[in-house]
Amino acid sequence: MESARQHRPAESDDDPGNRPGESTAALELLVHGVGGTTPEAMLDDPRTVRVTGDDIAAVFRRADDADAERRPAGRCEEPVPEAYVWCNLTSGNGTRALWLLLLPFMVVNLAHWMRPTARGRRRTVRLYGLLVRLAGLSLTVLLVAAACEVALDLTAWQCAGTRACADRHSWLGFLSPELSDGGWWSTPGRRLALAALVPTALTGLLWFLSLRTWSAYESQQPITPESEPGEEGDATALGRPGFWYGRRLVARLRAAHTAAGLLTVAAAVGSAAARYDREPGGPPVLAVLGVLMEAVLAVGAGAVVWVVCRRGRSERRLDGALDRRLVRCLPLAALVLLALAVLYAGWERPGWESSGRLPGDATFGALALAQGLLVIVLAGAAHTLYRTEPDRRAAVRGQAGPAVAMLACALGGVMSGGVSQRVADWLDGTGTSMPGPPVLLTWQASVIPPLLVLLLVMCGWLARRAVHIARAERAAVEREYAGETGDPGRTRRIASVRAMAALTDRGPRILAVTSAATLLLGAGALVGALTTDRTPGEAAQGSYDVVHGAAETAQALGSWLIGLGFILLVTWGRRAYKDPSARRTIGILWDVGTFWPRAAHPFAPPCYAERAVPDLTWRIATWTRSTGGRLVLSGHSQGSVLAAAAAWQLPPATRRRVALLTYGSPLERLYGRWFPAHFGPEALGFLHQEVDCWRNLHRRTDPIGGPMRLPGDDGPGVDRPALQDPLAYGRTENHPLPAPILGHSDYQADPAFAEERGRLLARLRPGVPAPRHTEKPGGGPAA
């Protein structure tokens with residue numbers, strides 16, 4: 001591949017072929033889907049050159065087409081294919097495998113974009129966004145609090161303060177009062193101050209990763225719009241000038257979340273010392289300083305919450321402001337408070353000894369309660385929005401956002417509890433020398449087995465549903481391949497693939513049940529921990545043997561399950577760091593999860609669309625402006641979502657010179673249902689009216705792609721009837737070998753693909769006018 005040197009088409013105004021209105025140039029811009037591919041495969045040519053772009057995302061052409069615009073007009077009848085390759089945005093170098101640890105942040109960010117469609121409800125929409133941002137802030141505090149639990153409580157406070165535990169871990173000897181013979185670091189406050197380096201380093205790492213990705217992704221300048229549509233007139237927010245330019249908000253949120261993490265560490269370090277100083281007989285000066293420190297930390301926490309609440313996304317214009325003073329001063333002030341808390345905790349206090357646990361139960365309990373309340377209020381806001389404009393296709397009746405936010409909070413709790421429990425088991429091999437992690441984390445671990453049982457029941461229901469669908473599909477297969485069916489095994493395979501593909505539409509029900517069960521079980525765990533202050537096994541002592549046995553089993557099994565889950569997550573991340581194929585698998589997850597800008601959490605994996613969408617819009621706009629030609633935007637799977645987002649961002653005059661070809665597209669089936677405010681029927685209908693023409697291909701065996709389901713005449717005008725898959729039931733003259741069931745892949749293998757692309761290209765040729773809807777074979781409108 002000749003990618004070392006870039007080939008740029010000539011754009012001289014002296015070339016007659018480059019004057020708008022006179023060029024016969026036509027371009028087909030291909031955008032691949034999840035998982036990525038190579039430009040050679042997309043262009044069906046081993047010799048390709050990079051036209052523009054870099055090693056992360058670029059546009060490629062066949063080597064023979066590098067100078068297509070400079071050819072005489074008579075030689076430009078066929079369209080020039082170009083391939084936009086963006087897979088390295090999500091599955092490039094090995095460090096991106098570490099993004100697995102940011103999974104809860106990515107999930108809560110998705111909840112922001114899942115709100116129902118609503119007009120005239122600006123305050124409710126803002127409240128919805130505010131609640132999701134607060135839920136994201138709670139996840140940051142939870143993560144740092146879990147690091148504090150491991151480093152400060154379990155390691156420095158409990159293990160180093162216990163002779164038996166410190167004997168098993170010689171590297172803690174200098175922190176143990178007995179083993180170090182009262183060394184300088186052996187006092188509880190100084191042990192906590194030293195251990196605070198771990199959560200502080202974690203917060204600094206998250207800040208650095210967010211800053212680096214912010215410079216690479218959020219800083220991509222979108223194309224300057226010809227006009228700025230008003231909010232009320234927008235069919236979708238994806239067409240607003242500032243939608244893919246969240247630079248200001250991410251910078252503000254990064255400062256706030258970094259400060260929140262540092263303040264959490266400061267509170268964990270200073271609270272134990274302040275509690276000791278308030279006891280009778282304690283030093284009065286230090287007691288006053290402790291009260292002042294806690295008051296200042298409370299003011300800092302209030303400032304962080306104010307920054308998160310004060311401003312949301314600015315989409316109606318390109319907002320270039322950065323709030324530099326706030327972005328710099330807020331984390332710096334939090335760092336100064338952390339240094340003062342460390343100094344305060346490290347002060348000499350004769351007679352102070354570590355015993356029991358640090359006050360972590362209250363912290364984790366308050367976080368769990370706050371997250372539950374936020375999810376409940378968020379559900380109320382989503383219900384209000386849904387009632388304004390009900391959409392029967394919206395997932396979970398508009399409650400997808402709250403349900404996903406609940407799962408994000410649960411995932412954060414499971415990861416935090418898993419790390420704490422595994423570290424406690426590692427430090428305290430006997431399980432008797434240390435109090436262990438907070439009781440609430442043990443209760444949260446104990447609800448994992450019942451939740452898994454529920455999930456197994458749901459999987460059984462899905463399997464039963466798939467069997468019923470497969471039976472119904474067998475008759476449909478026999479009708480579609482009339483006169484050919486004679487192999488029961490072949491019929492069953494085709495029907496089974498269709499049945500499994502249909503299960504995608506049952507996803508909302510699974511999410512609703514899982515989220516509701518998670519909320520109820522989490523509430524039960526919180527109540528159990530607060531009312532008993534004992535682990536489930538201890539709390540069940542004295543009850544029926546069955547109850548006690550179930551509690552002990554759930555406690556032990558839950559602890560091992562969340563620990564195993566965290567270990568598998570880290571192991572998969574480590575493998576992906578070295579294995580490109582595993583890294584590509586992780587990249588597929590991010591292709592779907594990181595399409596949306598970071599609106600709720602700045603530490604989430606970055607939004608690749610903030611690079612990809614401007615790339616596409618700039619390429620389309622500059623090519624049409626320099627050549628006067630017209631263009632077919634061809635997108636497969638996730639590439640069709642990027643293509644639609646780019647079309648919405650184009651100036652209206654350019655948009656009308658673009659034809660859209662989508663295949664295996666989740667635009668309506670997934671995005672339209674889960675993100676109705678941005679990909680609902682009105683938004684897709686607006687896109688159909690604005691582009692020159694649009695055709696969509698889908699199969700019944702495809703678990704991801706589907707029809708656009710536009711109302712009225714627009715539906716048949718966009719959707720071609722479902723393609724036959726496989727192309728032949730048995731061996732035929734055209735298919736002497738068995739035809740495979742393609743499902744979501746290789747739409748180009750179907751003759752219908754070339755047929756529809758040819759019709760779109762015919763419409764785009766200058767001097768060959770065509771009505772907007774032409775008759776296609778079979779009686780339906782074409783494009």
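The predicted model contains 27 helices and eight strands. Of its 783 residues, 55% count as buried. The accessible surface amounts to about 33,100 Å², and carbon and sulfur atoms contribute 60% of that area. Among contacts with a separation of 6 or more, 79% are made by residues 24 or more positions apart.

In total, 23 aromatic pairs were counted. One of them joins W86 and Y608: the ring centres lie 5.0 Å apart and the planes meet at 10°, which is under the 30 degrees required, so this pair counts as stacked. W86 is found in the loop between β5 (80-85) and α2 (88-91), whereas Y608 belongs to the loop between α19 (580-593) and α20 (609-627); the pair therefore ties together parts that are 522 residues apart in sequence. W86 is buried, with a relative accessible area of 0%, and Y608 is also buried, at 0% relative accessibility.

A further stacked pair is formed by W113 and W596, with 5.2 Å from centre to centre and 20° between the planes. Here W113 comes from the loop between α3 (103-112) and α4 (122-159), and W596 from the loop between α19 and α20, so parts 483 residues apart in sequence are tied together by this pair. W113 and W596 are both buried.

The cysteines complete the picture. A disulfide is a covalent bond between the sulfur atoms of two cysteines. The structure holds one disulfide, formed by C159 and C165, whose sulfur atoms are 1.9 Å apart. The angle about the S-S bond is -90°, and the link of C159 and C165 is left-handed. C159 is buried, with a relative accessible area of 0%, and C165 likewise counts as buried at 0% relative accessibility. Two further cysteines can be described in these terms: C87 counts as buried at 7% relative accessibility, and C607 counts as buried at 0%.

Notes:
Residues are numbered from 1 along each chain as its sequence is written. This is a predicted model: local features need pLDDT of at least 70, side-chain atom pairs count only at pLDDT 80 or more; totals for chains, interfaces and linings use all residues. Side-chain values use heavy atoms; hydrogens and water are left out. Rings of Phe, Tyr and Trp (its six-membered ring) pair if their centres lie within 6.5 Å; planes under 30 degrees apart count as stacked, over 60 as edge-to-face and the rest as tilted. Helices (H or I, at least four residues) and strands (E, at least two) are DSSP runs, numbered from the N terminus. Buried means under 20% relative accessible area, exposed over 50%, partly exposed in between (1.4 Å probe, protein chains only). Contact means heavy atoms within 4.5 Å. Accessible areas come from the Shrake-Rupley method with a 1.4 Å probe; for residues, only the protein chains shown count as cover. A disulfide is a pair of cysteine sulfur atoms within 2.5 Å.
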